[in-house]
Amino acid sequence: MQIQPLRDKILVRPLDEEKETKSGIIIPDTAGTERPQKGEVLAVGPGKKDDNGRFHATEIKPGDYILFAKYSPTEIKIDGEELFILGEGDVLGIIK
Amino acid sequence: MQIQPLRDKILVRPLDEEKETKSGIIIPDTAGTERPQKGEVLAVGPGKKDDNGRFHATEIKPGDYILFAKYSPTEIKIDGEELFILGEGDVLGIIK
Amino acid sequence: MQIQPLRDKILVRPLDEEKETKSGIIIPDTAGTERPQKGEVLAVGPGKKDDNGRFHATEIKPGDYILFAKYSPTEIKIDGEELFILGEGDVLGIIK
Amino acid sequence: MQIQPLRDKILVRPLDEEKETKSGIIIPDTAGTERPQKGEVLAVGPGKKDDNGRFHATEIKPGDYILFAKYSPTEIKIDGEELFILGEGDVLGIIK
Amino acid sequence: MQIQPLRDKILVRPLDEEKETKSGIIIPDTAGTERPQKGEVLAVGPGKKDDNGRFHATEIKPGDYILFAKYSPTEIKIDGEELFILGEGDVLGIIK
Amino acid sequence: MQIQPLRDKILVRPLDEEKETKSGIIIPDTAGTERPQKGEVLAVGPGKKDDNGRFHATEIKPGDYILFAKYSPTEIKIDGEELFILGEGDVLGIIK
Amino acid sequence: MQIQPLRDKILVRPLDEEKETKSGIIIPDTAGTERPQKGEVLAVGPGKKDDNGRFHATEIKPGDYILFAKYSPTEIKIDGEELFILGEGDVLGIIK
């Protein structure tokens, strides 16, 4: 099942335990009992218009690692896996 | 009973168990005890004007499969079947 | 007692059990224990101005059958009958 | 004690039991245990300016019979009588 | 202690029992167990600017008797006396 | 520790018991069991821009005695002393 | 793990006990049982656009010591350390 997020929505695979990413980043975290606050971006929407009709292209890219508040994302089950969807405006920072 | 949604409202048949759609998409889901977050679009409103009077035609089409947050839709019983109505702005993504 | 709704208000007779309307529509529903989500429009206000002073005439007409969320309407007793009043913006769809 | 409402405020005598008005309207209602939703307008404010500085004169007139939601009005005791004050924007309809 | 209210704030001495004012107005009220909804204006702020930068001079004057909702004012103890402060926009009417 | 408030923030030393200020003002108050509603201004921010980009310089000055609602300020411990920070828009009046 | 905050977000190391900073500031505080209200800025986002499209560069700098309300920041665990992220608009003052 492939998901195309709409507007500024971002599909994220939450990272809730220590794992080494492709780029070698170590992401330590508590043992899955807390809601994840970090994730890997899987897909992004094209962007959205603000109240004045200006289009803002989404700047987050697939493959980015991001931070977000515990209760910002909407949980959604895709092919049996719990993924997160959140708006770009709820992304707090990029993990480099 | 035929429903014509108003403004940007979208009438959706929720998908709450594994089923194979016409286009062959497999949509696995937990056993109906959770509120569905996926659905098939049955009918859409024409679109709506924003606060500045600009009309935005609805982009979601009947036949699309969509994702939404658990508590975004309004449940409504039509001809004995539980359907969902939600605004286009509450659609998180398209299932391809 | 005749009611003239103001602005975009719509006076509705809720339909909470199976009944056949004049036009032959069958409207099945659960047995009156749930709040109705369908109704017949009895009277409508002329319309209202938006924040920019533009007037929007009400498009719903008396005689229309409409859908609405369970808790959108205000209940009001008129001549001993429980009727509903809601804004046109809370109408989800038209039953055809 | 004479009250001059400000802005778009409307001073209302609630009607909570069956009574025949001067114009012969019969207003049946439940026995005073529910909050009244109908009333006779006693006095109105001159009107108010909207956010863009446009003045909107109050259209409701003293002597009108009006409908309102149960919890819209503020109760206020004037000369020992419970009266209601509400904004014109909370008036749902006119009883004719 | 002399208080100069800011913006559109109004300093009010609440009237919570029957008393005859200087101008001879009789203000009957329940016995001090309910929060007062009437008061005598002691001091007013100069006025305030709206969101568009337009200044609105306060129209209520010291010496006016006013009506307000039970929970609109902020209680404040001045020289041992419980006074009320509220915005002019929360004044419902003038007692004449 | 010296604090420079930002925007329209005001740093206040709350006055919660009777004390004579330098200028001879007597400020009687209940015995410290209630949250203070009066204070002496210690430092102010420079001012802030409104939604239209207009800058509003803070008018309250250090040394002013001010009134505020019980729960408007944020409590903050500075060098072991409980001080208050609140926005200028939450100041109700000036004590003269 | 290096974090690049987005928009006007500020990454902060909370100071919850007495410690002497590099610049010699003594920051006494209660014993870690209360939520910290002071912190050292570790990284800042570039700034953000307001509703009218004007860009506001972040003025807080890494190395600043700041004050904030107890519940303004979002807690986030980075490399096993509890850090805070908050918007620049939630910073109450600068500690000098």
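Me: In β1(G), which residue is the bridge partner of A:I94?

Reply: This is a predicted model: local features need pLDDT of at least 70, side-chain atom pairs count only at pLDDT 80 or more, and totals for chains, interfaces and linings use all residues. Residues are numbered from 1 along each chain as its sequence is written, chains are lettered from A and ligands numbered from 1 in the order in which they are written, and side-chain values use heavy atoms, without hydrogens and water. β11(A) runs antiparallel to strand β1 (residues 3–5) of chain G, with 3 bridges joining them (two strands pair if DSSP finds at least two bridges between them; helices, H or I of at least four residues, and strands, E of at least two, are DSSP runs numbered from the N terminus). In β1(G), the partner of A:I94 is G:Q4.

Me: Which three residues supply 33% of the area that chain A buries against chain G?

Reply: Contact (heavy atoms within 4.5 Å) involves 20 residues of chain A and 19 residues of chain G. The two chains bury about 1,500 Å² between them, 60% of it on carbon and sulfur atoms (buried area is the accessible area, 1.4 Å probe, that two parts lose on being put together, summed over both). On chain A, 33% of the area buried against chain G, more than any other three residues give, comes from A:L67, A:L92 and A:K96.

Me: Which element gives the most to the side of chain D that touches chain C?

Reply: Between chain D and chain C there are 7 residue pairs in polar contact, both at pLDDT 80 or more. On chain D, β4 (26–27), β8 (65–68) and β11 (91–95) each supply at least two residues of the side that touches chain C. The element that gives the most, with 5 residues, is β11(D).

Me: What is the bridge partner of C:Q4 in β11(D)?

Reply: Strand β1 (residues 3–5) of chain C and β11(D) run antiparallel and are joined by 3 bridges. In β11(D), C:Q4 has as its bridge partner D:I94.

Definitions and conventions:
Polar contact = N/O pair within 3.5 Å; in protein donor to acceptor, adjacent residues only side chain to side chain.
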